[in-house]
Amino acid sequence: MSPPVPTRSNVELRILELHKTYAGVPVLKGIDLSITPGEIFVLMGPSGSGKSVLLRQLIGLEMPDAGEVLVNGKSVHDETLRAECRLAMVFQSGALLNSLTVGQNVGLYLAEHRLLPPDEIEQVVVQKLRLVGLQGQEGRPVSELSGGMRKRVAIARALVMEPHLILYDEPTSELDPLSAFTIAEEIVELNRRTGATSVVVTHDRDLGLGIANRLGILFDGELLQVGTPDQIRQSSHPLIKKFLGVDFRLTTSNRHLS
Amino acid sequence: MFNTIGEMMLLLLEFFRTLPRAWRERQKVYEQLFEIGNASLLMACILSVFIGGVIALQTGPVLVERGLASAIGGLVGLSMCKELAPVMMSVLIAGRVGSAMTAEIGSMRVYQEIDALRTMNINPVQYLVMPRMIAISIALPTLVVFAVLVGWMGGALVSVYNNSIAITFEAYFSNLSEMVGVEDVLNGLIKSFVFAVIIGLVSCQQGFETIGGPRGIGRSVTKSVVNSIVMILILDYFLTRLLLFMDSQP
């Protein structure tokens, strides 16, 4: 294997009739979707709609019951695929290895695949941590990090792979609005700079509508609509209107008034 | 149960597949060896000295009564190296090291760290299982040799200083060296190596199977310790029969 070099993404994702069932309960019900190279595609929907399950299928962590995920025409489970394109995922919890330091986590991919000598890995780690605003944190144990910092380390770890396709699972959950905004900016900036096809799963309407080139709205395991943020905002589908239109502040204050 | 055994066999197969890369991962093996030694050496020492001592204490007066006091050395020596040291050290390692392995791998599974390894195209068996399996397979037989020596000393101390036995060190060790051969020590080492593989496999497999948060981790740890001990004791019987059969061949 040679060290990963930044290349413009040409990764196209195709999801064909994807079904997944857990303990007899259907979670994904025949998802059909195409994601074009270099776009930011946001999968949005309420909690429990199957977004994270779909993401796990896209990266090949789970086998679907039926259907297929194709990356540039090859099954995501094809062993030769990862030699051709690099796929990375930023987990909701960060999924950092707690026994390692921040720097070791970020450089793990390069170290384990022996892609660069240790001193060069250190340089790459410093560079990637600077990109996510965590310069000087290399030696810190990950257990000391806040939720937002963990997510940024996870993004830096994904960036080290110079991915062609990057998947984000709820990147702004459990974050304060300012940290969430910073992460959202980073996702857009990374997409602009690397051109990596990005799939973002979220139930955060502001994030989804703010960063997406296109969105897909998932409800109860079914893809209700796919379109640009404007198309989704103007959707006439009652469930989508309800999901986008709920205003908790008004509802609460009205209840208090009554 | 058959499902678990099947999973263990698959894990063993994958472990063998990653073995050619063992030299590359030697740093992780050293780290694991250090952890196992650190967790178990003192406990092994305390256990062995008392096991040796109690065998001498239980059998010594009876043997003295029958005029067989000189056989105590051989009795303690053989029981320690052929049976007690391998089994007791394996039980100790299953409880102290195996449980820690399951807890560590289990929490990595629950908190998606193993998934993260997979997305980075890092084989979790090579990264997590292989160093642990190699380390435990080296550490347990080494610990058994240490336990045998300490156990012999424990037996000697009781045989010499207990008034109802009161034989000399010379008598004890002369009988021990007469009765115990290298093949007896080897017997114990073979057993401990097999037990080490079993503990490593059970612990790692249970770790990988963990689901459901902290309670799930606790359940897996309990299951891994219980399964390891049950398998050690069952296998001990069959291994003993096999080794006795091999000893009896010309």
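Which helices of chain B do the buried residues of helix 2 of chain B pack against? They pack against helix 3 (72-110) and helix 5 (124-161) of chain B. Keep in mind that this is a predicted model.

## Helix 2 of chain B

Let's start with that helix. Helix 2 of chain B covers residues 26-65, 40 residues in total, and at 1.5 Å a residue it should span 58 Å. Its end C-alpha atoms are 54 Å apart, which agrees. There's a kink along the way, though: about 40°, centred on B:Ser40. B:Ser40 is also one of the buried residues of the helix.

The rest of the buried list includes B:Ile36, B:Leu47, B:Ile51 and B:Ile55, along with B:Gly52, B:Gly53 and B:Gly60. B:Ala44 and B:Ala56 are buried too, and so are B:Gln32 and B:Ser48. Just past the end of helix 2 of chain B, B:Gly67 adopts a positive phi of about 75°.

## Helix 5 of chain B

## The six-stranded sheet of chain A

Over in chain A, 6 strands make an open sheet with mixed pairing, in the order 6-7-8-3-9-10. Strand 6 and strand 10 (222-227) of chain A are the edge strands, each pairing on one side only. From one strand to the next, the twist averages 15°. Within this sheet, strand 3 (residues 40-44) and strand 8 (residues 197-202) of chain A run parallel and are joined by 5 bridges. One pairing to look up: A:Met44 has A:Thr202 in strand 8 of chain A as its bridge partner.

Now for the helices on this sheet. Helix 1 (residues 51-58) of chain A lies across strand 3, strand 7 (165-169), strand 8 and strand 9 (214-219) of chain A, and runs at about 155° to strand 8 of chain A. Helix 5 (residues 147-160) of chain A also packs on the sheet, where it touches strand 6 and strand 7 of chain A. The direction of helix 5 of chain A makes about 180° with that of strand 6 of chain A.

## The four-stranded sheet of chain A

Chain A has an open sheet of 4 strands too, with antiparallel pairing and the order 2-1-4-5. Strand 2 (25-35) and strand 5 of chain A stand at the edges with a single partner strand each, so one side of each has no neighbour in the sheet.

Strand 1 (residues 13-22) and strand 4 (residues 66-71) of chain A pair in the antiparallel sense over 5 bridges, with A:Leu13 opposite A:Val71 in strand 4 of chain A. A:Val71 also has a bridge partner in strand 5 of chain A, namely A:Lys74. Strand 4 and strand 5 (residues 74-75) of chain A run antiparallel with 2 bridges, and they form a hairpin with 2 residues between them. In that turn, A:Asn72 has a positive phi of about 50°.

## Where the chains meet

The contact between the chains uses 14 residues from chain A and 11 residues from chain B. On the chain A side, strand 6 (87-90) and helix 3 (102-112) of chain A are the elements giving two or more residues. That side of chain A divides into 11 nonpolar, 1 polar and 2 charged residues.

Methods:
Residues numbered from 1 in each chain as written. Chains lettered and ligands numbered in written order. Predicted model: local features only at pLDDT ≥ 70, side-chain atom pairs only at ≥ 80, totals over all residues. Contact = placed C-beta atoms within 7 Å. Nonpolar A, V, L, I, M, F, W, Y, C, P; charged D, E, K, R; others polar. Expected span 1.5 Å × (residues − 1). Bend = angle between axes of the 7 residues up to and from the residue. Buried ≥ 20, exposed ≤ 12 C-beta atoms within 10 Å, placed from the backbone. Pairing = 2+ DSSP bridges. Axes fitted to C-alpha atoms, helices over the stretch in contact; angles between N-to-C directions.
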